[in-house]
Structures are given as structure tokens and as C-alpha cells.
Amino acid sequence: MMPMLKSTISFLLVLMATAIGNAQAALTIEIVGGAAQQIPIAVVPFAQPTVQPENLATIINADLRRSGLFRALETRGVTNQPHDLAEVKYPEWAALQAQALVIGKVELQANNRLKVSFRLLDVLKQNSLAGLEYDITPAQLRSTAHKIADVIYEKMTGEKGVFDTRITYIVKQGNRFQLQVADADGGNPQTVLASTEPIISPSWSPDGNKLAYVSFEKKKPVIFVQSLVTGQRQVLANFKGNNSAPSWSPDGSRLAIVLTYGANSQVYLINADGTGLQQLSHSNAIDTEPEWSPDGKWVYFTSDRGGSPQIYRMSTLGGDAQRVTFEGTYNVSPHFSPDGKLLTYIRREAGRFRVAQQELSTGQAQLLSESAQDESPSFAPNGKMILYATNLNGKGVLSIVSADGRTKQRLSESGGDVREPSWGPWMK
Amino acid sequence: MNKSLVMSVVLVSLLAACSSKPVKEEPKAAVEDKSPVAAQTAPAQAASSTDATTAAVSQPAGAVNPLTDPNNILSKRNVFFDFDKDEVKAEYRPLVEAHAKYLIANPNAKVAVQGNADDRGSREYNLALGQRRAAAVKKVLNVYGASDKQIETVSYGEEKPRCSEQAESCWSQNRRADFVYAGE
């Protein structure tokens, strides 16, 4: 099921932490495997003012490699180092067997702004596939590199890229819990909330501007919603018992949450402003981990009503639940692909907890990860990769697996356990 | 999970006993914190024993506190569970019964039953499982005559492990419900 091409790519890439005023250790990325057919691409180091710490080509190359779909070629041995179209000598790049060539530069402008320009070139046809200019502030340099990588990815694969998106996760260091948001490559980590009590279950609002999460700071699980723009936060749900597992509706107006008035957790719907609470599930079993379907019509959730935890779905209008997973005795933590066609979740099999992916039209499922303690899987906004938490040598790390199971990345942090990841949406 | 988690001094939270109706405990937007980092929570030992609802268990001066006397069964506070189960096993019934009798004899005493789970599988499912374990213990307390008013259930899921190695010997210690009395 998973032909790993371990020989294809295996390297370590240590990212520079660029966050200002953030003493976080950098996330380290390790990549294993890759697609059978990789696009050979050469990204020439950009002409940049020397004060800038990272060359954009380094970030672009790393992004393309991580997708598993590209083979980034070493460009240092090539005499031709163009930054403008007129300087390109195609035969030298054809000799390197590059299919595509990326060139670009960063120029200082007045009022401390930068002009970034690049071109994506077809080496065989000797023509331009894309070319864009960005007028940015110095702080936007990194995200601009991700945007360029997204353009290249889309032109070469036909799929929209996710390099310029963000992930959230929780880092536990000793007794300190930090809710963080970082670039999809783990760069630029920012702490959203720090606490001495656990934080779990961060969930992105559909516009990517807010996080709902569960904090134990009141000595019990309470749901908060926090703006990533202003940092302001407010209690969404602090009812008797546990308040947990927030999931946003696709239009951002409501959330599905879990409350415990009795022994059993049940799914409720609540408006994003904390009003209009209504109970959705009514069972004598655990109903938890609600996940709103992208079409807004269903809430998928984990329930042990059949004796073991399985995934079910209910109309958001109520009614009977229908079972969704049938293989295995433990299927939990459902999350949708953005197109609503795939569901990823965690399956326990022979004592191992692994990432599964199920096609909803056929019900066919396959296991994507080969580890043993995987948790909280979520799709990238283009549905091509799944981010999840796992355990490596007793330490919590993040992993990303391509939806075809061929390419894996690991993001770990030297200082602590990383867990509860969730991949954010495309920003509008 | 190689770092052992120091168990914080547990605070018996000041919830009223379980009710079956949704009651919002505080208005929304109770916390408005512009600086996310300032939202750090206080250390866990801030239990307020002056609160009227958490009156400390009265003891005659000089008497041994039965709750902490190692020769008393009441000093035992843990009920352990099987994987993905919430059944209170027969071997723990005498322990739960003793706590029920203590609550009956000390009507001012309040106890929090805190449910926990091992760290395998989903955190949210484990939170739900911890709640059900706490509720299962409460139900047995009720069977032995203890009043709802003195019992509160709460779940920490897999977030407060007492042991953090990846082995059954450790997991079995984390699948538990703890009795924590108000004022402790």
C-alpha cells in the first residue's frame, strides 16, 4: 500500500526561526520518501540585499521538496546564475536536466519597502510559465517566498499550493503549555496562549482569523475563542461539566461543541457569539469530536454507542445517526478534506494508532502512517497532505503524510512535546 | 512524552453538583485579554478553603484525620480501570463504599471525583472516557447512599498522567478516578 522511496530523499533541513521576540527553538523538518515521478526543478539563488538573512530560493526549494513532487537540483555548479530573463542561458539548465527554472530578485525601494520579482521558465520550450512582482514590507519576505512556491506548485502540478498557509499546535515544555501558530513549514512560530494548565483541541475558524480551543486554566475544560488578529479572547462555553471539542461550521456562524451534563459527552451546537445553545446528539454513549462537513449539512463525530468508538454522522437538523466507519474496533478523530470527499481519522489496529483515510463515496479506507501513536489528523487546504501528531522516541512530534502515503515529513522541536496540530485554511 | 509530569496540587473546583439542565455559569466574554501571554494561569494550589461551599472537613483537635491516616482505607484515593472501560471493578467497591460512608457521616464534606485516561488514542475521546469513569464512581457512591450535593465529577482526560512511560504498567496507573476532598 505504501511504497516508500526511502532512497529518493532523506535529509535534514534546519529552519531558521525568524520570529521576533520569540525564544522558541526552531522546528526541525525531516523528509522521507517522495512521489515516483518528481519534477526536476532548479531555483537559482535570488539577487537580494545582503542584509537579508535567508535567500528566498532556500525557502522555495524547501517548500517544493516537502511536497514530495519536486526534485530540487543543486545550482551551484552551473556557470549561468541569472536573475533576469535576458541573462538566462537555457542550454546550461537543459544540461542539468532541469525541466523548470526559477529566477528572481529582491530590490530595495523607497519608504523601506521591497520589490520581489520572479519568473518560472520551461527549460525545454524556453518560455515563461509565470512571472509576478510583489510590493512588500521586509516582514513579508518569508510569506512571499511561500507565495512564489505556491505559484510554481500550481503551474507545475495543476493543484493549488499550501505553502503560504499556517498550522497550529500545542507545545508542552515541562509544566508549560503553549498554543502556537506557525507557517506550514514550521517557521515563524508565534505563541497565541501560554498556560500552566493543559490546552487541547485548537480549531481554525473558516476565515483563518480565529482559533477555538479548550483550556484547563479554570481547573476544568472550558472552550475559548481567540482572535489571531487582535489577540482578544472570550469564553465560548463554560457550562457545568466539561466543555470541549470545538468545530466551526463552514460559514463560521456556529460551532459544534461537546458538553457533559451527565456521564456521557454529547454534541451541542452553539452560535459563535456563545448564544443559542442546542443539543444535537441524544445518546446513552460517548458522543464527541464533532466535525462539520464542508457542505454544512452534517456533523460527523466519534461515538461508542455500538460498543467501541466509531465514527457516525448526523444531520445538523438532528435525527438519527448513521455509522460511517466499519473496519476495526477503534476509529476516532474524524476530519474532512476541504472538498468533502475524504475523511481522515485515527484507527487502532493491533494496538497501534494510525492515520486512516476514507473515501466517503465508496467507504474504502486505507492506512497512511506506519507509526503507533498517531493523533489528531487534519487535511491541508488542498487535500493533498495530512498533518498529524505522533510519538518518536518518547517525544511528541508532528508528521505530515501525502494523501497517497508516499511522502512523509516530520516536524519536531528540541525543547518539548508537540501535539494537537491542525492545518489552517487558505487566507482570503 | 518522556518528561514526567509533576502532578499539580489538585484544586477542588467550585462547581455545584451535577445538574441535568444546561445552565450557563458565566456570561460570555468574561475574559478579555489583549495580551495572550498574560493569560497565564495561576499556580494550581490556590484552593480557597474560606469559601463557604468548600468548608473543610471538621475534625476534633488532635484527632488523626481518617482521610490521611495511612491505616485508614480512606487514605486510598484511586480507582483503576481497564482499557476503554468505565466499570468500577469489584475490588474497588469497598474503597468507594468507605468514601460514601465518610460523606454520609460528614455532611459538610465535598469530594471531587476526577476521571483520567491513559494517553493512547484521541485526547477528546479520552476526556469523555475520564468523565464517564468519574460518573461511574459517583454512581457507586450514590448507591451506597452518598448525596449528589457532596459529589462533583470532572475529567482531566489524558492531561494529568501520574506516569508517562509507554508501557501497560504505566498506562494502567493513568486509567483511574481520584477522590479529592475540598480543602485538600
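A:Val88 counts as partly exposed because 19 C-beta neighbours lie inside 10 Å; by definition a residue is buried if 20 or more other C-beta atoms lie within 10 Å of its own, exposed if 12 or fewer, and partly exposed in between, with C-beta atoms placed from the backbone. The model is predicted, so that local features need pLDDT of at least 70 and side-chain atom pairs count only at pLDDT 80 or more, while totals for chains, interfaces and linings use all residues. Residues are numbered from 1 along each chain as its sequence is written, and chains are lettered from A and ligands numbered from 1 in the order in which they are written.

A:Val88 is located in the loop between β4 (70-72) and α2 (90-95) of chain A; helices (H or I, at least four residues) and strands (E, at least two) are DSSP runs, numbered from the N terminus. When neighbours within four places in sequence are left aside, A:Val88 is in contact with A:Pro82, A:Ile103 and A:Leu121, two residues being in contact if their C-beta atoms, placed from the backbone, lie within 7 Å.

A:Leu211 is buried, because 25 other C-beta atoms lie within 10 Å. Beyond four places in sequence, the contacts of A:Leu211 are A:Thr168, A:Val192, A:Pro202, A:Ser203, A:Trp204, A:Gln226 and A:Leu228. With A:Leu228, the C-alpha to C-alpha distance is 7.2 Å at a sequence separation of 17 residues.

A:Gln126 is placed in the loop between β6 (114-122) and β7 (127-136) of chain A. Although A:Gln126 is not a glycine, its phi is positive, at about 55 degrees. With 13 other C-beta atoms within 10 Å, A:Gln126 is partly exposed.

Chain A as a whole contains three helices and 31 strands. Of its 428 residues, 54% are buried. A compact globule of 428 residues would have a radius of gyration near 22 Å, and the 23 Å of chain A agrees with this; the radius is taken over C-alpha atoms, and the globule rule is 2.2 Å times the number of residues to the power 0.38. The C-alpha trace of chain A spans about 70 × 50 × 40 Å along its principal axes. Among contacts in chain A between residues at least 6 apart in sequence, those joining residues at least 24 apart make up 44%.

The mean pLDDT of chain A is 90, and 93% of its residues reach 70 or more. Over residues 1-25 of chain A, pLDDT stays under 50, and the model has 52 contacts beyond four places in sequence for this segment.

Chain A is divided into domain 1 (38-157) and domain 2 (166-423), with bounds that come from an automatic or database domain assignment. The C-alpha centres of domain 1 and domain 2 of chain A lie 36 Å apart. Six residues of domain 1 of chain A are in contact with eight residues of domain 2 of chain A. On the side of domain 1 of chain A that touches domain 2, the elements giving two or more residues are α1 (56-66) and α3 (141-157) of chain A. The most is given by α1(A), with three residues. The residues of this side of domain 1 of chain A comprise one nonpolar, two polar and three charged; Ala, Val, Leu, Ile, Met, Phe, Trp, Tyr, Cys and Pro count as nonpolar, Asp, Glu, Lys and Arg as charged, and the others, Gly among them, as polar.

Chain B has three helices and four strands, which run β-α-β-α-β-α-β from the N terminus on. Buried residues account for 37% of the 184 residues in chain B. Of the contacts in chain B with a separation of 6 or more, 76% are between residues 24 or more positions apart.

Helix α2 (residues 123-143) of chain B has 21 residues and should span 30 Å at 1.5 Å a residue, which agrees with the 30 Å between its end C-alpha atoms; the expected span is 1.5 Å times one less than the number of residues. α2(B) is mostly covered, with 17 of its 21 residues buried. Just after α2(B), B:Gly145 adopts a positive phi of about 100 degrees. B:Asp84, in the loop between β1 (78-80) and α1 (93-105) of chain B, has a positive phi of about 60 degrees although it is not a glycine. B:Asp84 counts as buried, with 20 C-beta neighbours inside 10 Å.

Note on methods. pLDDT is the predictor's confidence in each residue, from 0 to 100.
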